[in-house]
Amino acid sequence: MSTTNTQTAPLIDVQHVSKYFGTVIALKDISMSVNAGEVMCLLGDNGAGKSTLIKILSGVHRPSEGRYLFEGKEVHFSTPRDALSVGIATVFQDLAMIPLMGISRNFFLGSEPTKGWGPFRRFDVRSADRVTREELARIGIQVREMSQPVGTLSGGERQSVAIARAVYFGAKVLILDEPTAALGVKEAGIVLRYIAQARARGLGVIFITHNPHHAYPIGDYFTLLNRGRSMGTFAKAEISREELTSMMAGGEELEELGHELDEFARTDKIAGAQLAEAAKEFKAEAEVLHEDGQQPVSERERDT
Amino acid sequence: MSVTTGERMVRVSPLRRLLVRPEMGAVAGSIVVWIFFAIVAGSSGFLSLRGTSSYLSVSAELAIQAVPVALLMIGGEFDLSVGSMVGATGMIIAILSAQYGWNIWAAMVAALIFAVLVGMLNGYLVIRTGLPSFIVTLGTAYILLGATTGITSIVTNGLTVVNAIDQAPGYSAAHAIFATALGGGQQFPIEILWALALVAVATWLLLGTSFGNWIFGVGGDAQAARNTGVPVTRVKILLFIGTAVSSCLLAIILDVSFTNADVLRGQGNEFYAIVAAVVGGVLLTGGYGSAIGALFGALAFGIVEEGIVFAGVNAEWYKAVIGLILLLAVLLNSYVRKLALEARR
């Protein structure tokens, strides 16, 4: 994939950012950046600090330490609206979509096209429908009626509409919070394809996920988070899918999980035997990961 | 570009598309109760011009409040002060015009300003405190009722009704606009036109303007609407002003028609308006419904209330029937909503 690495400053550049909540260290010394026409994948398990980082990027939180630069200039956002106004659009998991409202009404909610003047200025439903239809067709979603409730769309389509909306309203950077979580394989494919399209249109994309199988095919760079710290940023050429997977589902975590299950197996009379079996499997997988970084055979799609 | 065709392009039967409209339940309900009373009470005057006029006028009076209440409910809030607001604004007009000799139009403007202020206060309190509007407006309802009764008692030396509004300057013009009768045999009060005009404006607002889109948005998910840039506070405060002003309009119509004002006038309307809106397909949780639905909800209500009288049984039975219709409507609505979300699967 072409990465337009021009000499200009990255769209988003955070340097040595930390975030503390009281005495809790949510993030420590994170640096990452994203350029126009690039997909930066932010990977990490639950509790790795992904959400905290997104909230800093999207203007919900301010970093406790470090610098946040947008197009080379330091910024201090106090609300998501601030971030949005410079072109950083965040598609949160709840999507800011209203299920019982029609598709085009959702698409233009808050930015309705109007015609007429004065007290007779009215919502130009026809042009809203037309634009929405075009934008959806562009991402390969054919809908019979623009007035049908968003709730009738599938999860992947809803994600795509939310992304299309952000792109249409002039986003330069898209931050996608787990857009493929809770989606089936085919659905996730729709969203991944649209991420590729957004990149091709010159947007910078920050794609947050805990699924390396979704991240690897689409990402240009990968930043891995673990327990609030960065495990490093890798260009696609520097890392294989297997290495990414093994770093994500680190051998030690699997081993730990195995031990924990062992513990349960000893006390649980009903499911003890099965738990012991599962524990053994985890340990074996951890072993394999340790040995040669191979992707374990039994690895399944986590999100299906 | 590849395109996902197929499942979403399936044809939907026109009947089903009609069924998922929010107002369908109320339209069907109105027809059913009308047919019922046409059979039961048709011979005793329900079908006569007088009978028709009686339920249309009850329905119109209810619709004047129910339609703005429906908009507010679509926007995700309740207003339980609309009943007391009728008494309060009605009494303001009566006292200023009949007691103090103001021109009735000036008294109406004063009442209107009062309604706007109370509506703003309701909206502001709800937004600022984050408390449920159900409780906040219940509070203002009692404040309005108590203060209206108290102040009226002081001004009139212990009365709760103020008469002789027709003696006020400007009354005849007001009568022509708010209380005249139209149609065959001068049977139909002009308030029917007021209700229809209100429904037309509300429908245009809801479906034809950005503001209408915001109403659906703030009711469907206020946080999501805020994130997309909808001025949630402004929308909600304007909707509260709408319910208060429509209550003032009803107070004007009733004051001018009866030539008097009663502190208790309008009591109970807050719930009748919610019933009409819900029967008309408005979701209690907000974000869904229509003004036309609320009109038909009010129509069904009026037909039942007057139909019972023509049927010759104790008039209080109408409340039992209304309760039953309300329950059926809520069941139907939740089913219709399910259908709406599945309609094109």
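Figure 1. A:Arg227 is partly exposed, because 14 other C-beta atoms lie within 10 Å, a count between the limits of 12 or fewer for exposed and 20 or more for buried. The structure shown here and in the following views is a predicted model. A:Arg227 belongs to the loop between strand 11 (221-226) and strand 12 (229-235) of chain A. Its phi is near 50 degrees, a positive value in a residue other than glycine.

**Figure 2. A:His16 in strand 1 of chain A.** Strand 1 of chain A covers residues 12-21 and contains A:His16. Although A:His16 is not a glycine, its phi is positive, at about 50 degrees. A:His16 counts as exposed because it has 12 C-beta neighbours inside 10 Å.

**Figure 3. Overall organisation of chain A.** Chain A contains 10 helices and 12 strands. Of its 304 residues, 45% count as buried. The domain assignment gives domain 1 (12-101 + 162-241) and domain 2 (251-292). The centres of domain 1 and domain 2 of chain A, taken over C-alpha atoms, are separated by 33 Å. Among contacts in chain A between residues at least 6 apart in sequence, 68% join residues at least 24 apart.

Figure 4. Helix 4 comprises 14 residues, 125-138. From its first C-alpha to its last, helix 4 of chain A reaches 20 Å, close to the 20 Å expected at 1.5 Å a residue. Its residues A:Val125, A:Ala128, A:Thr132 and A:Leu136 are buried. These residues lie on the same side of helix 4 of chain A, because they cover an arc of only 60 degrees around the axis. On the other side of the helix, A:Arg126 and A:Glu134 are exposed. The buried residues of helix 4 pack against helix 3 (103-107), strand 8 (122-123) and helix 5 (155-168) of chain A. Just after helix 4 of chain A, A:Gly140 takes a positive phi of about 80 degrees.

Figure 5. Strand 6 (residues 88-91) of chain A is covered on both faces. A:Ile88 and A:Thr90 are buried on one side, and A:Ala89 and A:Val91 are buried on the other. Strand 6 runs parallel to strand 9 (residues 173-177) of chain A, and four bridges join the two strands. A:Ala89 has A:Leu174 of strand 9 as its bridge partner.

**Figure 6. A:Leu174 and A:Phe207 in the largest nonpolar core.** In soluble globular proteins, nonpolar side chains tend to be buried together. The largest nonpolar core has 191 residues, of which A:Leu174 and A:Phe207 touch the most other members. Helix 3 (residues 49-74) of chain B contributes the largest share of this core, with 15 residues. Leaving aside residues up to four places away in sequence, A:Phe207 touches A:Val39, A:Met40, A:Cys41, A:Leu42, A:Leu176, A:Ile195, A:Ala215, A:Ile218 and A:Gly219.

**Figure 7. Helix 9 of chain B.** Helix 9 (residues 210-220) of chain B is largely enclosed by the rest of the structure, because 11 of its 11 residues are buried. Among them are the aromatic residues B:Phe211, B:Trp214 and B:Phe216. The buried residues also include B:Gly212, B:Gly217, B:Gly219 and B:Gly220.

Key. Residues are numbered from 1 along each chain as its sequence is written. Chains are lettered from A and ligands numbered from 1 in the order in which they are written. This is a predicted model: local features need pLDDT of at least 70, side-chain atom pairs count only at pLDDT 80 or more; totals for chains, interfaces and linings use all residues. Domain bounds come from an automatic or database domain assignment. Two residues are in contact if their C-beta atoms, placed from the backbone, lie within 7 Å. The expected span of a helix is 1.5 Å times one less than its number of residues. The arc is that of the directions from the helix axis to the C-beta atoms. Two strands pair if DSSP finds at least two bridges between them. A nonpolar core is a set of buried Ala, Val, Leu, Ile, Met, Phe, Trp, Tyr and Cys residues joined through C-beta atoms within 7 Å.
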